[in-house]
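The report below describes the sheets, the ligand surroundings and some backbone features of one structure. Please read it with the sequence and the model at hand.

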Amino acid sequence: MFESEYREKLVTPEEAVKVVKSGDWVDYMFFNGYPKALDRALARRKDELYGVHIRSGISLPPLPEVPQVDPTMEHFQWDSWHFGAFEAKLGDRGICSFSPLLYHEVPGYYRRREVEVDVAMVRVCPMDKYGYFNLGINTSHIEAVCENARIVIVEENESMPYVFGGNGNQLHISEVDFVVRGENEPMASIPAIEPTKSEIKIAEHILKEINDGCCIQLGIGGLPNYLGKKIAEAGFRDLSVHTEMMADAYLEMWEKGCITGRKKEIDRKKMVCTFALGSPRLYEFMDRNPMIATYSVDYTNNPAVIAQISNMISINSCLEVDFYGQVTSEMQGTRQLTGTGGQWDFVYGAYHSPGGKSFLCMPSTYLDKTGTLQSKIKPFLTPGAACTVSRQLTHYIVTEYGKALMKCQSVWKRTENLINIAHPDFREELIKEAEKLGFWKRTNRIEP
Ligand SMILES: CC(=O)SCCNC(=O)CCNC(=O)[C@H](O)C(C)(C)COP(=O)(O)OP(=O)(O)OC[C@H]1O[C@@H](n2cnc3c(N)ncnc32)[C@H](O)[C@@H]1OP(=O)(O)O
Ligand SMILES: CCCC(=O)O
């Protein structure tokens, strides 16, 4: 029924990118949603175009060519909502600018027309018999971008898993201006990372906080994934999933029979997410799986939605915490390493869930560029680092030495709680700093 409209709109990537004009804003979406064939065709137009802005986030291999063919940024300027390794390197070279966000608000930025978008380009599943292009493992904010773009171009990829959804997970042919056929390359996957000794200890602390019937959200990074494996091994029952990112850890929990979703107040018996990042096995698991429901990020990450689920346990990683309980999870001083992503959304939402808790986790130390051990608990965040979670919102901080409550604690008590979970080699020094600042009134330090 939609075949003739499809044929009318089907063009080559070279034809499709001709709609881009100098000065346009082009949206490439996130993760596996970025359109590889269109990107290559646009890069080839470099010498004809000036000041085209490309907006993206967490670009995955094969990496986009557009920012690489124009290091001068005369032709293409690269903007990112969220840095991955690729964007962090471009940022170091001064050829990628970062836009801070609250992830659940992103569809609203487009709907309120606070961000410009002329051309939306997105990688999708091939059209189905009802005329829909399923957005696969990248639902995120795509629908809102496309609703507000002057031109929408979809790039079909047969390797994209077809994922059932609640909302925002498809585009209809009538909403699309051009269709191109991509090269069906496999979705980019991320390798499993072995946990460090500290991460193993952190997981032990958090496991004590999990009960049968909880709803789990795991963030991005090595630790949350390892924790998911431990939850699976521990054999919890009737867990639910409401997360931003579907990851291999959930597949393991499901295979071990831990996840039923029966206890959730909303989306019962569904594993809810807005995108996926993991192994090919995870992507296969998600393909036409009736238990998975992908939604636009303004639903999954909306704190008011998260708060409707009882016993929400949110587990994310961070980089640095100061005596106030301010957290950065995205910057090393002035260097933008990653982004806020959904961290703020889940910290806030989980706290408002009946019985809910949020844990921001980090090893207590890291090695700096000179190989010197540094504490991640500091009197103040490293100058230049933006605060990802403000002190009013932080609930628990967890290191290998235990967990520290921040919510409702005085600055004195926060300082003390944090020094108790700092690496022992830094505790004396931190106490001295706290005393100088007048943040330390007495000690109840736990000896290592
Ligand atoms: C996905 C959801 O469902 S919701 C929300 C999830 N999203 C977020 O939480 C967004 C922000 N968080 C993140 O991006 C990640 O969790 C991170 C970056 C905080 C942690 O990810 P990990 O992979 O565990 O990072 P890791 O511990 O390896 O540290 C990354 C780098 O920063 C360095 N580093 C860590 N802490 C510090 C610090 N305090 N100062 C300077 N550098 C630091 C590490 O040495 C490492 O450097 P390298 O890449 O040169 O080895
Ligand atoms: C773009 C979102 C990824 C994250 O939350 O870390």
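## The parallel sheet

In this predicted model, Phe30 stands opposite Gly57 in strand S2, and strand S1 (residues 25–31) is joined to S2 (residues 52–59) by 6 bridges, the two strands running parallel. Strands (E, at least two residues) and helices (H or I, at least four) are DSSP runs numbered from the N terminus, and two strands are taken to pair if DSSP finds at least two bridges between them. The open sheet to which they belong has 7 strands in the order S4-S3-S2-S1-S5-S7-S10, and its pairing is parallel. Strand S4 (97–98) and strand S10 (178–181) stand at the edges with a single partner strand each, so one side of each is left without a neighbour in the sheet.

Helix H3 (residues 36–44) packs on this sheet, where it touches S1, S2, strand S3 (76–80), strand S5 (119–124), strand S7 (151–156) and S10; contact here means heavy atoms within 4.5 Å. The direction of H3 makes about 120° with that of S7, given that axes are lines fitted to C-alpha atoms, for helices over the stretch in contact, and that angles run from 0 to 180 degrees between N-to-C directions.

## Ligand 1

Ligand 1 is surrounded by 23 residues, the closest being Gln217, Ile220, Leu319, Thr338 and Gln343; a residue is counted as near if one of its heavy atoms lies within 4 Å. By class, this shell has 6 nonpolar, 14 polar and 3 charged residues, where Ala, Val, Leu, Ile, Met, Phe, Trp, Tyr, Cys and Pro count as nonpolar, Asp, Glu, Lys and Arg as charged, and the others, Gly among them, as polar.

A polar side-chain atom of Gln217 lies 3.0 Å from an oxygen atom of ligand 1, and a polar backbone atom of Ile220 is 2.9 Å from an oxygen atom of the ligand. A polar side-chain atom of Lys376 lies 3.0 Å from a nitrogen atom of ligand 1. Taken alone, ligand 1 exposes 1000 Å², of which the protein buries 74%; accessible areas come from the Shrake-Rupley method with a 1.4 Å probe.

## Ligand 2

The residues around ligand 2 are Phe30, Phe31, Ile58, His82, Tyr103, Ile220, Glu244, Gly341 and Gly342. A polar side-chain atom of Glu244 lies 2.4 Å from an oxygen atom of ligand 2, while a backbone N or O atom of Gly342 lies 2.9 Å from an oxygen atom of this ligand. Taken alone, ligand 2 exposes 230 Å², and the protein buries 93% of that.

## Backbone features

The peptide bond from Pro61 to Pro62 is cis, with omega near -10°, and Pro62 is placed in the loop between S2 and helix H4 (66–69). Asp267, although not a glycine, has a positive phi of about 50°.

## Conventions

Residues are numbered from 1 along each chain as its sequence is written, chains are lettered from A and ligands numbered from 1 in the order in which they are written, and side-chain values use heavy atoms, with hydrogens and water left out. As the model is predicted, local features need pLDDT of at least 70 and side-chain atom pairs count only at pLDDT 80 or more, whereas totals for chains, interfaces and linings use all residues.

Technical notes:
A polar contact is a pair of N or O atoms within 3.5 Å; within protein, one must be able to donate a hydrogen and the other to accept it, and residues adjacent in sequence count only if both atoms are side-chain atoms.
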